[in-house]
Amino acid sequence: MNYLYSVGLSKTYGDRILFQDISLSISKGQKVALIARNGSGKTSLLNVIAGLEEPDSGSIEIRKDIRLGFLSQDSKLDKAASVLEAIFQTDNPALKAIKDYEHCLLKQQSNPSPDQEKRLAKLMEEMDRLQAWDYEVKVKEVLSRLKIEDLEAKIGTLSGGQVKRVALAAVLIQEPDFMIMDEPTNHLDIEMIEWLEKFLGTKNSTLLLVSHDRYFLDVVCDEIIELENGQLYRYKGNYNYYLEKKSELQHNRIMQKESSMRLYRKELDWMRRQPQARTTKAKARISSFYETEEKAKVNLLEGEVKLDIKMERMGSKVLEFKSVHKAFGNKKLLDGFTYKFKRFERVGIVGANGTGKTTMLNMIVGNLEPDAGKITLGETIKIGYYKQENNAIKGGLRVMEAVREVADFIRMHGGQKLTAHQLLDRFLFSKEQQQQFVSTLSGGEKRRLHLLRILMENPNFLILDEPTNDLDLMTLNVLEDFLMEFKGVLVVVTHDRYFMDKLVDHLFVFEGEGKVRDFPGNYTHFRMDLVEREKAARLKAKEDKAAAQAEEAEGLKQKQTQRDKKLSYNEQKEFKQLGREIEKLEKEKAEIEAAMGQAMEHEELMKASERLGVVIKELDEKGDRWLELGEYV
């Protein structure tokens, strides 16, 4: 059953062809990933399919009896709406009932009233009628996993990452038949991404998504579609399968080019010797020559980012944190953190959002001061800081001007120099793009330009804060290759587990409340360790429960034994005697207390007080024994 059927789609911007005469169909249950270089038209193709943009030509059919959910890269939610309103924008009766119920519940909690109580009761009846309670459990799970807590907050007051999570929650909660998602893992921490993998992987849903997260693509998708040179190429399998087939295809292209080059050299020699040939046969050979020349001169490596930048010399002293404390209000982010960075080390930083990862980076570069403790930077250390925001690049500059604002050239290993123009070529910017304004670039192209400017400064201490967001997979692969050869210190904050696994030697794990654990190994090692710890914790909890149950059973057994026990003749006699003695002592205690309430001489009062103490002590002792024997009567 086809959910999507499109034929002859074309789209251009000015003179730039994004895609031309392409066809795409997606059937029920398929989970398809769309990959391409930045600026190739991935987002435009998704927008065209979702009906947000019109194609220049071609037709699109989406099955009419299905529900379509679309997550855009830049979620445009109503800023005046509350989170609750944004999440439940749907015609689904069960979801509308949940929305009304949650809204009424929030009002009742903040301002209780009899009217609200009655309305809440009616809404609960409506939830029962629509069998919406199970649905509400799913809704609560989605909101909890995406850490969406304040349902009354206005969209306009949220950060970009929070807005993206709200938009994602809205799509997931609606449970559409066909989901189109543009970079769903952006602004999610690793824990959220791993949950989303399981959520989408276990659902019998149909997906078309764009993502640069390779582990995510491997787990979720069963087909890869590549948009290249305006055309679509399909690979039936996950991302690893795509890589294998792409490698084979590249190898075949290289072999074909070598064959074309041999034929080209032979035909070129003939052309030089036969410039005046005018026979029909000769003309056909001349025409064939130009076709061969075009194939031979194809640059198979066109667009690859090759980086061999010379970095600044690094001394023995790098960076040291000594008993560093940092908090915002009552929230501790670093609590006595101490660490001495070593030359050439590679550190990954992981932890839930808001635990202090970006705060640490800002303290390294001096944008934030510690509340207590000391941070010392080595004299030879030159920091390059690639952060999530590209605020450093002015949109009014042309791309070439943005590069020359940093430097006109950069030194390479071996004494060579690369001009700004040559460097832009290597970073996939065509001659035409180099003259465009920065404001006209796509999100991924702006990030690529931002990275280029930072590397031009020749840093020997490189900080990358979410470097993979919006970068295409080709750029990521080449960036990884460059970073593998980077001879400085590398600090990475990223939700891209593949990227982190490939590059880091150990992790700073931000556990909350200012605690940072140094874990030896990459993210996959950390996850394996975490799974083992959780397994051990579950086993211990199981053993503790079994021990508690055994202890409880033993206690019951002892009580039963005690109940079965009978008093001896002497114990029965003692029990009766204790009853009489206790009664006598209680009477004496009452008499002493009554006498002390009357006027008494000081000496008499002291004697009465002493006797009262003795009586109370005897009452306690005899009472305990009487209760002990009484269990067997």
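Glu228 stands opposite Gln231 in strand 9; strands (E, at least two residues) and helices (H or I, at least four) are DSSP runs numbered from the N terminus. The model is predicted, so local features need pLDDT of at least 70 and side-chain atom pairs pLDDT 80 or more, whereas totals for chains, interfaces and linings use all residues. Residues are numbered from 1 along each chain as its sequence is written, and side-chain values use heavy atoms, with hydrogens and water left out.

Strand 8 (residues 223-228) pairs with strand 9 in the antiparallel sense over five bridges; pairing requires that DSSP find at least two bridges between two strands. Both belong to an open sheet of six strands with mixed pairing, in the order 5-6-7-3-8-9. Strand 5 (68-71) and strand 9 (231-235) each have a single partner strand and stand at the edges, so one side of each lacks a neighbour in the sheet. On average, neighbouring strands of this sheet are turned by 15° against each other, direction ignored.

Helix 1 (residues 42-50) packs on the sheet, and the strands it touches include strand 3 (31-35) and strand 6 (178-182). Contact means heavy atoms within 4.5 Å. The direction of helix 1 makes about 150° with that of strand 6; axes are lines fitted to C-alpha atoms, for helices over the stretch in contact, and angles run from 0 to 180 degrees between N-to-C directions.

The axes of helix 6 (residues 160-174) and helix 7 (residues 190-202) come within 13 Å and cross at roughly 15°. Helix 6 and helix 7 are therefore roughly parallel to each other, a term for angles under 35 degrees. Arg165, Leu168 and Leu172 in helix 6 meet residues of helix 7, among them Trp195 and Phe199.

How values were computed
Parallel < 35°, antiparallel > 145°, perpendicular 65-115°, else oblique.
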